[in-house]
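Try each task before you read its solution.

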Amino acid sequence: MNENARFVAGTFEHDGVPYANAFNRSLIERPEIVNCREDDVFVASYPKSGTTWTIEMVSLIMNGGNTEINTSAFQQARNPMIEANFILPIWLRCIVHLLKFLKPILPEFIIKLRFIHFLLVMEKAGLESGIGLKQMEKLPSPRLLKSHMPYHAFPSQAIRKKCKIVYVARNPKDIGVSYFYHCSLGVPPLDYRGSWNDFYQLYVNDKVWYGSWFDHVLTWWQHRDDENILFLKYEDMKKDPKAAVKSIADFLDVSLTDDAIDDIVEFCSFKKMKKNENVNLSLAIGDKDKHQFVRKGVVGDWVNFFTVAQNKEYEKIYEERMKGSGLDFEW
Ligand code: PPS
């Protein structure tokens, strides 16, 4: 393994699982500190499983197909990831606030400078102090919240109060590739430095944030029949997004017209989401070419990255870990 490959902004470990320093350590160590309301709805997942897509669908469903809220603000501001703790240093926060006032008089070319644009987006998204726990307190009920925490470390109040949780799972090979791109976005903490081969080594050895995909997915899978949990698969959603919207609506007891379902599917289509500044972080930070947050959105991109040896090794691990679980993925 290349010793130089690393997450520049640093990680910490809890229960042997690595997390980014930009995550809320207190919440990760003590999930009971999260104040949940009975009508909170969560979208939970291992990273890169299609969470952003699912959140966009669930939020529209909760609003009966009305797109007003979705177009009003960046997704992280509307539906915060609870363990996020993206705190800009105080001097940067001062610049952000200054920019907010200066914006009307600043020349366009300054606003378009990548760094300035990024800071303005952070401000728009309410992320200059993007503390998930604080953001969620400010939201009116019913809230839609995001978390990548595994079942055993999920906010205990959410489990006890039987908050509805939509869990989305995706095949781990595509996740590996998507995760590599995500971590290499270039904005802290997404500032991984290293090649795909190096990242693969971290991934296969459970050294990426949130640790083992198998541990995560299989523990949620054990709870798939709980009345407050809906277990979805990315690959099924790709094949039949309309069916996904219907099953989420049934789960949330929302009745939608056929037209509303079609509109939701369309609003959340990959093509539309890629162009949507309120979900595609890459557009917001002005990086249109190299790394895209809403990137390819396909099943099977892993073939362009996994070497024959990596694939052989991964399949062997997959067979062993998934054996007898009754859960399988297409890739
Ligand atoms: S995160 O950062 O962990 O919340 O990422 P997450 O949203 O879970 O996953 C990102 C991947 O989902 C793809 N994506 C989509 N696929 C299909 N349809 C739609 N509408 C859509 N929106 C996002 C996104 O492109 C990432 O996958 P990759 O394979 O990298 O393209």
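**Exercise 1.** How many of the five residues of strand S10 (residues 229–233) are buried?

*Solution.* Some ground rules first: this is a predicted model, where local features need pLDDT of at least 70, side-chain atom pairs count only at pLDDT 80 or more, and totals for chains, interfaces and linings use all residues. Residues are numbered from 1 along each chain as its sequence is written, and side-chain values use heavy atoms, with hydrogens and water left out.

Step 1: Strands are DSSP runs of E with at least two residues, helices are runs of H or I with at least four, and both are numbered from the N terminus. Buried means under 20% relative accessible area, exposed means over 50%, and partly exposed is in between (1.4 Å probe, protein chains only).

Step 2: count. Four of the five residues in S10 are buried, leaving the strand mostly covered.

Step 3: look at its partner. Strand S8 (residues 164–169) runs parallel to S10, and five bridges join them; two strands count as paired if DSSP finds at least two bridges between them. For one of these bridges, go to Tyr167, whose partner in S10 is Phe231.

**Exercise 2.** Take strand S7 (144–147) and work out which way its side chains point.

*Solution.* Step 1: recall the rule. In a regular strand the side chains alternate between the two faces of the sheet.

Step 1: apply it. Leu144 and Lys146 point one way from S7, while Leu145 and Ser147 point the other way. All of these are buried.

Step 2: find the neighbour. Strand S4 (residues 41–45) pairs with S7 in the parallel sense over four bridges, and Val43 has Lys146 as its bridge partner.

Step 3: Pro142 sits in the loop between helix H7 (132–138) and S7, and the peptide bond joining Ser141 to Pro142 is cis, with omega at about -5 degrees.

**Exercise 3.** Describe how the ligand is held, starting with its polar contacts (pairs of N or O atoms within 3.5 Å; within protein, one must be able to donate a hydrogen and the other to accept it, and residues adjacent in sequence count only if both atoms are side-chain atoms).

*Solution.* Step 1: list contacts. The side chain of Lys146 has an N or O atom 2.8 Å from a ligand oxygen. A polar backbone atom of Lys48 is 2.9 Å from an oxygen of the ligand, and a backbone N or O atom of Cys268 is 2.8 Å from a ligand nitrogen.

Step 1: check the burial. On its own the ligand exposes 640 Å², and the protein buries 98% of that (Shrake-Rupley areas with a 1.4 Å probe; for residues, only the protein chains shown count as cover).

Step 2: see which elements build the shell. Helix H2 (51–62), helix H9 (172–183), helix H12 (234–239) and helix H15 (270–275) each give two or more residues. H2 gives the most, with three.

Step 3: count the shell. There are 23 residues around the ligand, and the closest are Thr51, Thr52, Ser178, Lys296 and Gly297; to be near, a residue needs a heavy atom within 4 Å.

**Exercise 4.** Why is helix H10 (residues 196–204) largely enclosed?

*Solution.* Step 1: count. Seven of its nine residues are buried, so the rest of the structure largely encloses H10. Among them are Trp196, Phe199 and Tyr203.

Step 1: find the cover. The elements covering the buried residues of H10 include strand S1 (6–7), H9, strand S9 (192–193), helix H11 (213–221) and helix H17 (308–322).

Step 2: inspect what follows. Just after H10, Asp206 has a positive phi of about 60 degrees. Tyr210, in the loop between H10 and H11, also takes a positive phi, about 75 degrees, although it is not a glycine.

Terms used
Contact = heavy atoms within 4.5 Å.
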